[in-house]
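I opened the notebook today to look at pockets, helix packing and aromatic rings. Here is what I looked up, entry by entry.

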Amino acid sequence: MGRAALLSRVLSRPRLAKRLAKRPANGFAKPSAKPEPRKRRPLLPLIGRTLAMACAFAFMVAFAVVLARLTLQPSPASEALTHSNLRPGSSLRAYLDQPELRDAVKQIGGNLLLGVPFGVLVPVLAPRARGILRVLLLTAVVMLAVELAQGAMVTGRAFDVDDVILNTTGALAGYLLLGRRLGRAVHARR
């Protein structure tokens, strides 16, 4: 390769050309008297990210209150009807075998919707938990704790593994539809 071809290749790469232009003719880097100043991040993206995280935190707190009210309120009237379910799919079959379709949609859809906020808000609130597996694991652990609390302490409520599965599936849907993009937008590396 000739000298002219090599020079045109180097000049076609702006970063390399810039670095080579800073070097002296002898090939050694010249010692600089003062280091280059670090570039400051613009203030607007920092304010936007902080505002987005504050809003996500407020929504997560509101969601936690709604979750607690929906799942941890005693239901003495249904105490005789409740039983724990440790077999995945058992409650789902029972819901779908009900003659009234509305009740099945209410039970299954409600449990799916309960997980969606986790899939949307966790990637915004916790930058290290932005991956799909981390979001699903965090949702499963939280919902498992809620179900255990229901089964152990709340009258008329019982532990149901299908609820944990449906909540986690809802978190997956929320993550795929919106959470992944929101997390990337808020925590984008500049």
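**Entry 1, the pocket.** I checked which element contributes to the largest pocket, and α5 gives the most to its lining, with six residues. This is a predicted model, so I read everything below as such. I noted a volume of about 950 Å³ for the largest pocket. Its lining counts 29 residues, and those closest to the centre are Tyr95, Gln107, Asn111, Arg157 and Asp163. Two or more lining residues come from each of α3 (43-71), α4 (90-96), α5, α6 (132-153) and α7. I also sorted the lining of the largest pocket by class: 16 polar, seven charged and six nonpolar residues.

Next I asked at what angle helix α5 and helix α7 pack. For α5 (residues 101-125) and α7 (residues 161-186) I found about 30°, with the axes 5 Å apart. Angles under 35 degrees count as roughly parallel, so α5 and α7 are roughly parallel to each other. The crossing in which α5 passes α7 is right-handed. In the contact of α5 with α7, I listed 14 nonpolar, nine polar and one charged residues.

How many aromatic pairs does the count come to? I got one aromatic pair. Phe63 and Phe118 form it, edge-to-face, at 5.4 Å centre to centre and with 85° between the planes. Phe63 sits in helix α3 and Phe118 in helix α5, so this pair ties together parts that are 55 residues apart in sequence.

Technical notes. Residues are numbered from 1 along each chain as its sequence is written. This is a predicted model: local features need pLDDT of at least 70, side-chain atom pairs count only at pLDDT 80 or more; totals for chains, interfaces and linings use all residues. Side-chain values use heavy atoms; hydrogens and water are left out. Axes are lines fitted to C-alpha atoms, for helices over the stretch in contact, and angles run from 0 to 180 degrees between N-to-C directions. Helices (H or I, at least four residues) and strands (E, at least two) are DSSP runs, numbered from the N terminus. Angles under 35 degrees count as roughly parallel, over 145 as roughly antiparallel, 65 to 115 as roughly perpendicular and the rest as oblique. A crossing is left-handed if the near helix is turned anticlockwise from the far one by less than a right angle, and right-handed if clockwise. Ala, Val, Leu, Ile, Met, Phe, Trp, Tyr, Cys and Pro count as nonpolar, Asp, Glu, Lys and Arg as charged, and the others, Gly among them, as polar. On a 1 Å grid over the protein atoms alone, a cavity is a set of points where a 1.4 Å probe fits but cannot get out, and a pocket is an open set with protein on both sides within 12 Å along at least five of seven lines; lining residues have an atom within 4 Å of a point. Grid points are joined across faces, edges and corners, and a volume is the space filled by probe spheres set on the points. Rings of Phe, Tyr and Trp (its six-membered ring) pair if their centres lie within 6.5 Å; planes under 30 degrees apart count as stacked, over 60 as edge-to-face and the rest as tilted.
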